[in-house]
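Here is a short report for a reader new to this structure. Take a look at the chain before reading on.

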Amino acid sequence: LNRLGMADHITAAVEPDVMLPAVAQGAIGIETREDDERTRNLLVPLNHETTAVCVTAERAFLKRLEGSCRTPIAGLAQLAADVLTFRGLLLTPDGRDHLDVAMTGAIRDAAAIGDDAGRRILADAGPHFFAKHA
């Protein structure tokens, strides 16, 4: 809404410490063919490196959990002073039970941080996490 000049329509901002967003929320992705070097080169100036690093961690978390846009999974990666901080959350569909994780590390390890966070959640969840509230 801020970018659209409609900030006056905001009644309350929901901060990440109140509710984590969905993985890669607000990031714009453009998919290209792997062998289309010309198009990929045209897109280089559009890449926002900070966003790319954060989304890499968030998507690795989602991938490890085998999540989709229909799975109650949240994740947020943030950069500050060359340190990546990741927070992730897995909820049961009814929201009664949840597991969370927080990790920090080097920017170059973004994918590993997200993947490791997913592994930790899976270890804590056990095989019947979703079945408990089905």
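The model is predicted.

**The sheet**

Three strands make up an open sheet, ordered β1-β2-β3. Their pairing is antiparallel. β1 (73-80) and β3 (98-106) are at the edges. Each has a single partner strand, so one side of each lacks a neighbour in the sheet. From one strand to the next, the twist averages 10°.

β1 pairs with β2 (residues 83-91) in the antiparallel sense, over eight bridges. Ala80 has Val83 in β2 as its bridge partner.

**The helices**

Helix α2 packs on the sheet and touches β1, β2 and β3. Helix α3 lies across β2 and β3.

| Helix | Residues | Reference strand | Angle |
|---|---|---|---|
| α2 | residues 49-64 | β1 | about 150° |
| α3 | residues 110-125 | β3 | about 155° |

Arg120 lies in helix α3. Is Arg120 buried, partly exposed or exposed? Its relative accessibility is 46%, so Arg120 counts as partly exposed. The cut-offs put buried under 20% and exposed over 50%.

Which residues does Arg120 touch, leaving aside those up to four places away in sequence? They are Val101, Ala102 and Met103. Arg120 and Ala102 are 18 residues apart in sequence. In space, they are 9.8 Å apart, C-alpha to C-alpha.

Definitions and conventions. Residues are numbered from 1 along each chain as its sequence is written. This is a predicted model: local features need pLDDT of at least 70, side-chain atom pairs count only at pLDDT 80 or more; totals for chains, interfaces and linings use all residues. Side-chain values use heavy atoms; hydrogens and water are left out. Two strands pair if DSSP finds at least two bridges between them. Helices (H or I, at least four residues) and strands (E, at least two) are DSSP runs, numbered from the N terminus. Axes are lines fitted to C-alpha atoms, for helices over the stretch in contact, and angles run from 0 to 180 degrees between N-to-C directions. Contact means heavy atoms within 4.5 Å. Buried means under 20% relative accessible area, exposed over 50%, partly exposed in between (1.4 Å probe, protein chains only).
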